[in-house]
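Me: I would like to go through a protein model step by step. Could you show it first?

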Amino acid sequence: SVGGKGVLSRLQGVLSTFGCLIPPMCGMVYAWVSQQVSKGAVTADAAEDLWSLDDIDTILKNFTLAMTIRPKWQSWAVDRKNYRHLWLL
């Protein structure tokens, strides 16, 4: 789970760098441990602290809600005519 969370965080960072809006609660790491807990291999108390497939509905609802937000972003001036110019040699 810890490794999966790291991968998810890096992926969200890349998407954010590309200009994607990353709403809260939009990512989930579903691990083997979570699967074992959901099968009853561990106590029910442990299941409350881990992601389950039922959480996907909440994530999708939050994502859908975030998509309805229409902010009026302001961009900065960019050289759109000479964007391939090499400035580092």
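This is a predicted model: local features need pLDDT of at least 70, side-chain atom pairs count only at pLDDT 80 or more; totals for chains, interfaces and linings use all residues.

Me: How many helices and strands does the protein have?
Reply: There are 4 helices and 0 strands, where helices (H or I, at least four residues) and strands (E, at least two) are DSSP runs numbered from the N terminus. The order of elements from the N terminus is α-α-α-α.

Me: And how much of the protein is buried?
Reply: Of the 89 residues, 11% are buried. Buried means under 20% relative accessible area, exposed means over 50%, and partly exposed lies in between (1.4 Å probe, protein chains only).

Me: Is L8 buried or exposed?
Reply: L8 belongs to helix α1 and counts as buried because its relative accessible area is 17%. The C-alpha atoms of L8 and V29 are separated by 7.3 Å, although these residues are 21 apart along the chain.

Me: What about G27?
Reply: G27 is also a residue to look at: its relative accessible area is 13%, so G27 is buried. Between the C-alpha atoms of G27 and L11, 16 residues apart along the chain, the separation is 9.8 Å.

Me: New topic: which residues form the nonpolar patch on the surface?
Reply: The patch consists of L11, V14, L15 and F18, with about 390 Å² of accessible area together. Nonpolar side chains (Val, Leu, Ile, Met, Phe, Trp, Tyr) are joined within 5 Å, and like charges within 9 Å. Accessible areas come from the Shrake-Rupley method with a 1.4 Å probe, and for residues only the protein chains shown count as cover.

Me: Where is L15, and why is it called partly exposed?
Reply: L15 sits in helix α1 (residues 2-17), and L15 is called partly exposed because its relative accessibility is 31%.

Key: Residues are numbered from 1 along each chain as its sequence is written. Side-chain values use heavy atoms; hydrogens and water are left out. Patches are made of residues with over 30% relative accessible area and no salt bridge: like charges are joined within 9 Å, nonpolar side chains (Val, Leu, Ile, Met, Phe, Trp, Tyr) within 5 Å. A salt bridge is a side-chain nitrogen of Lys or Arg within 4 Å of a carboxyl oxygen of Asp or Glu.
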